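The sequence and structure come first.

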Amino acid sequence: DQFADNHFIRTIIEDDLQSGKHTAIQTRFPPEPNGYLHIGHAKSICLNFGLAYVFDGKCNLRFDDTNPEKENQEYVDSIKEDVQWLGFQWQGEPRYASDYFDQLFDYAVGLIKEGKAYVCDLTPEEMREYRGTLTEAGKNSPYRDRTAEENLDLFMKMRDGAFPDGSKTLRLKIDMASGNINMRDPVIYRIRRAHHHNTGDKWCIYPMYDYTHAISDAIENITHSLCTLEFEAHRPLYDWVLDNIPSPSQPRQYEFSRLELLYSITSKRKLNQLVSENHVSGWDDPRMPTISGMRRRGYTPEGLRLFAKRVGISKSENIVDMDVLEGAIREDLEHAAPRLMVVLNPLKITLTNFEQGKTQSRTAAFHPNNDSFGEREVPISSTIYIEQDDFAEEPPKGWKRLTLGGEVRLRHGYVIKCDEVVKDENGQIIELKCSIDHDTLGKNPEGRKVKGVIHWVSAEHAAPIKVRLYDRLFTVERPDAVRGDDGEYLPFTDFINPQSKQEITAFAESVVNDLPPESRWQFERVGYFVTDRHDHKQGQMPVFNRTVTLKDGFQK
Ligand code: ATP
Ligand code: MG
Ligand code: MG
């Protein structure tokens, strides 16, 4: 199937269905709306929605919105859009952890009444000190033995705004000597007067992630709660919370490794920094590894899903080269994108034996093996453009393109021969004079083989277009893991590729004038391109983004 390859989580689910532990599965994708989704999230989306699809289950979209200062509606909207664009639909309405704030509060009250949670007055510094270290047990908070009545009273006052921000917390009473630091009386509520995108100013206390996540999963009857490996050590806490409340269901957490992409960044916080410091034009800059950036770059949902399938799901390191991503995108576009001819760096050719002012044209298919893309007329006139790279005055060995005295075939057209090179006063080649072999349309010339085929456009019929040539955003494999001489990490922004964006004017077949935004094409022999989602407007000069080059660049 197209979404989920065989992997250990799939096996667990198969077993759970077979044994009757579950009759149906329910997963969820739980982003925090504190930024736009990136390629790592695409992996998680394909996993959660993919499994629901494969096993005929359901997948919820849940906003894990417990940090009001960092979250907003723009992020919520972009996340919904990105999930749908990737080809998935959540069950029912999107959920918000903040929709459960009342229930979370009630469960906390229950825990207090049972003596399992207490209000603590330690400052953050003191709390750190009391927490202990990996090798050293923590110490009990002096507030740990408050009575249930006192805790209840204080917790109500916390909610009612009686105390300043950060002055008190509600903590679970678990075990300050636990080998797992997450179990050393974790904080489950803090005081923070912050406007929340969903609940407004209703609350001045907010629940913490672990507590919220476990209970939200239970409320939604999640069967398999899939998260990345850094939450492995949080699993005992997840289970503790559900074991100590009257939990509506018993979800299980399973962990898989995070995707990391070389020459890229997969952290919302760092991506946010790229945006806020104007290193890129926005979250959806085509160089960004965000889903919306990759969309604008011309990546396809199918290509991204293929990529997710290829990187797989496991517990081992998942550091992936950009080639894997680009390979998946190319593989999809190869059959999904129609083709046309565009010359990026024009070299003028005068066809000396083609009548001036005359136009001839030839019908050509938009795709060599998919008729459904249709066909168009390719006009030729006495002046054409080819790529500067496709001519060499002194060609290297094995050269199949054009050279002085040599022949080449114009794609969908004639064989031409270069008779003369015209240079300017600096010795720069500015024009070629070529002759056409009129008897070579769709057939080889008499008695000789012409191997090279190059793309071209008719100068008078070509449409000028804006083309943005994008390259990797970073110059090093792991921009956020480079250390300076002093052993400290260097800012990842030091490694932004200054050549990651270049804008040129190119010359295209005139069909480009009638395209909507987000129209994906192969420019023959050059690469895959897409009309920009925002800047391409009908009636104006077309604007294309380079999605990815063809595998081997120019074919020799
Ligand atoms: P970030 O550090 O970029 O903010 P996050 O894990 O905090 O990432 P969330 O919004 O909490 O981001 O993530 C939603 C879901 O996506 C989580 O289940 C998380 O495990 C998963 N996810 C996030 N990043 C990756 C990644 N790089 N690879 C795989 N899954 C990821
Ligand atoms: Mg998170
Ligand atoms: Mg995060």
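Which residues in helix 11 meet which residues in helix 12? Glu 302, Gly 303, Leu 306, Phe 307, Arg 310 and Val 311 in helix 11 meet Val 324, Leu 325, Ala 328, Ile 329, Glu 331, Asp 332, Leu 333 and Ala 336 in helix 12, where contact is defined as C-beta atoms, placed from the backbone, within 7 Å. This is a predicted model, in which local features need pLDDT of at least 70 and side-chain atom pairs count only at pLDDT 80 or more, while totals for chains, interfaces and linings use all residues. Residues are numbered from 1 along each chain as its sequence is written, and chains are lettered from A and ligands numbered from 1 in the order in which they are written.

**Overall form**
- The protein chain has twelve helices and 27 strands, taken as DSSP runs numbered from the N terminus (helices H or I, at least four residues; strands E, at least two).
- With a radius of gyration of 31 Å, well over the 24 Å that the globule rule gives for 556 residues, the protein chain is more spread out than a compact globule; the radius is taken over C-alpha atoms, and the rule is 2.2 Å times the number of residues to the power 0.38.
- The C-alpha trace spans about 100 × 55 × 45 Å along its principal axes.

**Helix 11 and helix 12**
- Helix 11 (residues 301-311) packs against helix 12 (residues 322-336) at about 140°, the axes being 8 Å apart; axes are lines fitted to C-alpha atoms over the stretch in contact, and angles run from 0 to 180 degrees between N-to-C directions.
- Helix 11 is therefore oblique to helix 12 (under 35 degrees is roughly parallel, over 145 roughly antiparallel, 65 to 115 roughly perpendicular, and the rest oblique).

**Helix 4 and helix 6**
- The axes of helix 4 (residues 101-113) and helix 6 (residues 148-160) come within 8 Å and cross at roughly 155°.
- The two helices, helix 4 and helix 6, are therefore roughly antiparallel.
- Helix 4 contributes Ala 108, Val 109, Ile 112 and Lys 113 to the contact, and helix 6 contributes Ala 148, Asn 151, Leu 152 and Phe 155.

**Ligand 1**
- Ligand 1 is surrounded by 15 residues, of which Pro 31, Gly 40, Ser 44, Thr 228 and Lys 268 are the closest (C-beta atom, placed from the backbone, within 6 Å).
- Helix 2 (39-54) and strand 8 (224-228) are the elements that give two or more residues to this shell.
- Helix 2 supplies the largest share, four residues.

Conventions:
Two residues are in contact if their C-beta atoms, placed from the backbone, lie within 7 Å.
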